[in-house]
Amino acid sequence: MLYSDIASVFDRIERTSSRLEMTSILSDLFRTLDPLSLRNVVYLSQGKLHPDFFPQKLGMSDKLVLKAISLTSGFSDDHVEKLSVKEGDPGTVAEMLMKEKKQMALFSESLTVERVMKGLIAIESSDGKDSQERKMKLLANMLHDSDPVEARYLCRIVTGRMRVGAGSMTILDALASSFADKSDRPEIERAFNVTCDMGLVAETLASGGMDAIRNVKVTIGNPIKVMLAERLPSLNEIMERMEGRCAMEYKYDGIRVQAHITKNEVKLYSRRLEDLTKNFPDIASSLKHALKGKEAIVEGECVSVNVNDGKMLPFQEVTHRRRKHGMENAVKEYPVRIFLFDILQNDGEDVTLRPYTERRDILSSSFGDDENIIMSNMRIVTSAEEAESFFNEALSAGCEGIMAKSISDASVYRAGSRGFLWIKYKKDYHTETIDTYDLAVVGAFYGMGKRKGRYGALLMASYDSEMQTYATVCKLGTGFDDAFLDSMPELLDKHKTNERPADVDSKMIPDVWFVPSVVLEITGAELSLSPIHTAAAGVFKEDAGLGLRFPRFTGRIRDDKGAEDSTSVSEIMELYEMQRM
Ligand code: ATP
């Protein structure tokens, strides 16, 4: 398969904002590919060589990429660099210069997808002495044989800027339309949710059809998309929704971890699929030794505790475990316990489709005694009064609230979905704010007065999974202390982009745009109709969206969430409706 065919598809996708059109362009391409090429093309379309949970090591610095562009195009380093400052994206620079190329490519050999994959894997695996020079030459070698559009995407892939606009949902649509029926779409999505590997799903579907997809099971080593909770404004409503009877568990305020345990190895994944094993080596070791069976996948919340009295400590304490350096000291200084709340695989059996109470029984009997491992506190409640007293106990124990969990026969573990099988209720709901919002930073405004020379306010957005866009909800300028103001460039500037990202829907124009990546926790007074903000635009009133009044940063950077995990537009709509009740 020629790489130019793929690059021209990326180009067509980038030019359209219609999800339907993207789906149709992709499915026309997918149909023509053999299963293995399809797997590779799916990864490349996301700017990756592997599934999301693999540590991605491709990231080349802009400087190195510009050097490769200069080498292949014949333009001076200085010229290439100046153009890069103007354009802000080495991909665009490569494309422009390849069009005007000074050197004619002698002995050019067309790029194939296989060659590109091989070249990129070689770049990724170069390390040690002279590795920078080797990476640069490997890229130059591919650029030498590239046309301008191919060069654009090669440079975007190696610098981590590949965002053609087709998200996971569009790829799933395209796969269903190429190899199955529209009605099979939910099962294909389920296969993705339990493996987090779109390439694997694509290859499985193309080679084995829907039978193979239905056979996809949770597997050790492939993180599973986490199940999430809905919210309701009162315990009464929760009990009503649960038909008078449910399990309630403490809602621990820590870091969620999904542990894949075998007798040889344990891997801990965050909900963003990062590998957290090195951050919690003590927990990993306890899980490995205390597991009674051969293997399991369990979920729990890691919370800092005071070892003297066993009391839980506030969330900030456990964040010391997320640091990159000095982990040995952090392990000693910040003791942690894992509060287990679910099991997804037990001794090779996928238990996600078993009801909650069965999973809970399996979980409770899976581990021997270990002080680091504690079962989440759970009680079956049958009235709002019992729920209220459990909630108060949870708060006194230092938790942020409770999780109500359905115990009906249908109470499966629903990977990757937010639904009413789990309903959260937090102490914030007792006060005037209904909940905190986790919003993605999409822009910044330069500060004035005391904040001159720094970013003074941020443009915050929520994710619209239907449209695959980010819609603005507020301009945030409160709750920043000096340390945060100083740290903003380091936190944000790597996501800077010269133009509004294609997936950001905004009427406001900030001084600086960011590719949505960083998520901050925000509180606010209330949601109200807003002519400026684009979240739920036109839903409650023509020409108005929903905006958050008096937003304030809580001080918590949600680095456990990617931009797509930010509070969604549909949750914002629900919160607005709850507020009006
Ligand atoms: P929040 O910001 O309220 O933590 P969220 O968007 O991260 O919300 P939700 O699904 O809304 O996720 O709330 C569930 C989260 O609560 C889980 O991701 C998990 O980290 C945490 N949690 C704490 N205790 C429990 C428990 N007993 N059962 C399930 N999740 C729990």
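This is a predicted model: local features need pLDDT of at least 70, side-chain atom pairs count only at pLDDT 80 or more; totals for chains, interfaces and linings use all residues.
I will begin with arginine 185 and glutamate 189, whose side chains form a salt bridge with an N to O distance of 2.6 Å. Both residues belong to helix H11, which covers residues 185-195, and they sit 4 residues apart, about one turn of the helix. Is arginine 185 buried or exposed? Its relative accessible area is 13%, and because the cut-off for buried is under 20%, arginine 185 is counted as buried. Glutamate 189, on the other hand, has a relative accessibility of 22%, so this residue counts as partly exposed.

The next pair is aspartate 342 with arginine 359, a salt bridge in which the closest N and O atoms are 2.7 Å apart. Here aspartate 342 lies in strand E6, residues 336-346, while arginine 359 lies in helix H17, residues 356-364, and therefore the pair ties together parts that are 17 residues apart in sequence. Aspartate 342 and arginine 359 are both buried.

A further salt bridge joins the side chains of arginine 558 and aspartate 560, at 3.0 Å from N to O, and here too both arginine 558 and aspartate 560 are buried. There is also a network, in which salt bridges with shared partners link Asp11, Glu14, Arg15, Asp89, Glu95, Lys99, Arg152 and Arg156.

Now to the sheet, which is open, has 5 strands in the order E1-E11-E10-E2-E9, and shows mixed pairing. Which strands stand at its edges? They are E1 (228-231) and E9 (378-381), and because each has a single partner strand, one side of each is left without a neighbour in the sheet. On average, and ignoring direction, neighbouring strands in this sheet are turned by 40° against each other.

Within the sheet, strand E10, residues 401-405, pairs with strand E11, residues 418-426, in the antiparallel sense over 5 bridges, and lysine 405 stands opposite tryptophan 422 in E11.

Helix H18, residues 384-396, lies across E2, E9, E10 and E11, and runs at about 165° to E9.

Conventions: Residues are numbered from 1 along each chain as its sequence is written. Side-chain values use heavy atoms; hydrogens and water are left out. A salt bridge is a side-chain nitrogen of Lys or Arg within 4 Å of a carboxyl oxygen of Asp or Glu. Helices (H or I, at least four residues) and strands (E, at least two) are DSSP runs, numbered from the N terminus. Buried means under 20% relative accessible area, exposed over 50%, partly exposed in between (1.4 Å probe, protein chains only). Two strands pair if DSSP finds at least two bridges between them. Axes are lines fitted to C-alpha atoms, for helices over the stretch in contact, and angles run from 0 to 180 degrees between N-to-C directions. Contact means heavy atoms within 4.5 Å.
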